[in-house]
Amino acid sequence: MVFMETTINKIILEVRAGTGGDEASLFAGDLVRMYQRYSEKQGWKFLVLDSSVNGAHGYKTLVAEINGLGAYDALKQESGVHRVQRVPSTERQGRIHTSTASIAVLPIVEAKVVDVKEGDLEFTFSRAGGPGGQNVNKVETAVRILHKPTGIIVSCREERSQHANREKAMEVLRAKLFEAQKEQAVGSVSELRKEQIGSGDRSEKVRTYNFPQDRITDHRIGKKWGNIEKILEGNFEVIAKAFKG
């Protein structure tokens with residue numbers, strides 16, 4: 001694997017529901033929409049590569065590609081465990097529940113930056129499933145790749161052709177291998193992943209969204225913001241700017 005620094009204009013965003021059941025999935029959905037709407041405001045392209053939904057508004061997992069000038073710089077600090085404290089709509093006694101979602105932000109690199117050997121890969125193809133197209137359900141367009149030396153698994157099912165899904169899945173794989181090589185000092189790939197996105201436990205947190213107090217707190221830089229709903233609607237600039245300042 002060849003490693004060198006390069007200018008990065010595209011990123012992979014992974015969002016995974018953590019502890020908290022359905023409420024964690026709803027929170028993951030809130031974060032996805034925040035990043036998507038913020039991307040639209042910035043003029044960036046937001047392309048979903050793979051997802052697993054839970055209900056109408058929640059996500060178990062989502063993997064997306066964001067392409068736009070300044071995207072990595074604005075979102076690189078999002079990696080980690082995010083915590084939400086609020087009263088679920090199904091809670092009749094008004095009790096506050098705490099749930100989590102894990103975020104990973106990885107830079108996309110060109111093939112010449114990370115040289116992946118074909119013999120190290122195991123491909124699996126399947127029907128993409130999901131609503132909508134005729135082609136999507138009848139042809140094995142979904143692609144799953146196992147990188148055997150590290151055990152990293154990536155998948156893509158949102159594109160219309162197997163070739164397109166294969167290319168996008170390879171982008172995700174190269175991004176993960178690039179990040180692993182760049183951070184070799186922290187240990188193995190599995191340790192790197194735990195270092196970056198955490199286990200999803202409530203005790204591991206980089207930021208808390210406290211709805212009863214209408215307050216977002218970033219525990220790394222000690223800053224707080226109000227207007228949670230406004231920020232979740234895509235007005236993320238105040239947080240992004242705080243990390244640049």
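**Rings, charges and cores**

Guide: Let us start with R86, whose charged end sits over the ring of F211, 4.9 Å from the ring's centre. Please keep in mind that this is a predicted model.

Visitor: What makes the charged end of R86 count as sitting over the ring of F211?
Guide: The distance part of the rule asks for CZ of Arg within 6 Å of the ring centre, and here the value is 4.9 Å.

Visitor: Why is the pair of Y38 and W44 called edge-to-face?
Guide: Their ring centres are 5.5 Å apart, inside the 6.5 Å limit for a pair, and the planes meet at 90°, which is over 60, so the pair is edge-to-face.

Visitor: And why does the pair of Y38 and F236 get that name?
Guide: With centres 5.2 Å apart and planes at 65°, again over 60, this pair is edge-to-face too. It links distant parts of the chain: Y38 lies in helix 1 and F236 in the loop between helix 6 and helix 7, 198 residues apart.

Visitor: How do you know whether Y38 is buried or exposed?
Guide: Buried means under 20% relative accessible area; Y38 has 4%, so Y38 counts as buried. F236, at 0%, therefore counts as buried as well.

Visitor: Which residues form one aromatic cluster?
Guide: Y35, Y38, W44 and F236 do.

Visitor: Which residues touch the most other members of the largest nonpolar core?
Guide: Among its 34 residues, those are L31, Y35 and L75. Helix 1 gives the largest share of this core, 7 residues.

Conventions
Residues are numbered from 1 along each chain as its sequence is written. This is a predicted model: local features need pLDDT of at least 70, side-chain atom pairs count only at pLDDT 80 or more; totals for chains, interfaces and linings use all residues. Side-chain values use heavy atoms; hydrogens and water are left out. A nonpolar core is a set of buried Ala, Val, Leu, Ile, Met, Phe, Trp, Tyr and Cys residues joined through side-chain atoms within 4.5 Å. Buried means under 20% relative accessible area, exposed over 50%, partly exposed in between (1.4 Å probe, protein chains only). Helices (H or I, at least four residues) and strands (E, at least two) are DSSP runs, numbered from the N terminus. Rings of Phe, Tyr and Trp (its six-membered ring) pair if their centres lie within 6.5 Å; planes under 30 degrees apart count as stacked, over 60 as edge-to-face and the rest as tilted. A charge sits over a ring if NZ of Lys or CZ of Arg is within 6 Å of the ring centre and within 35 degrees of the ring normal.
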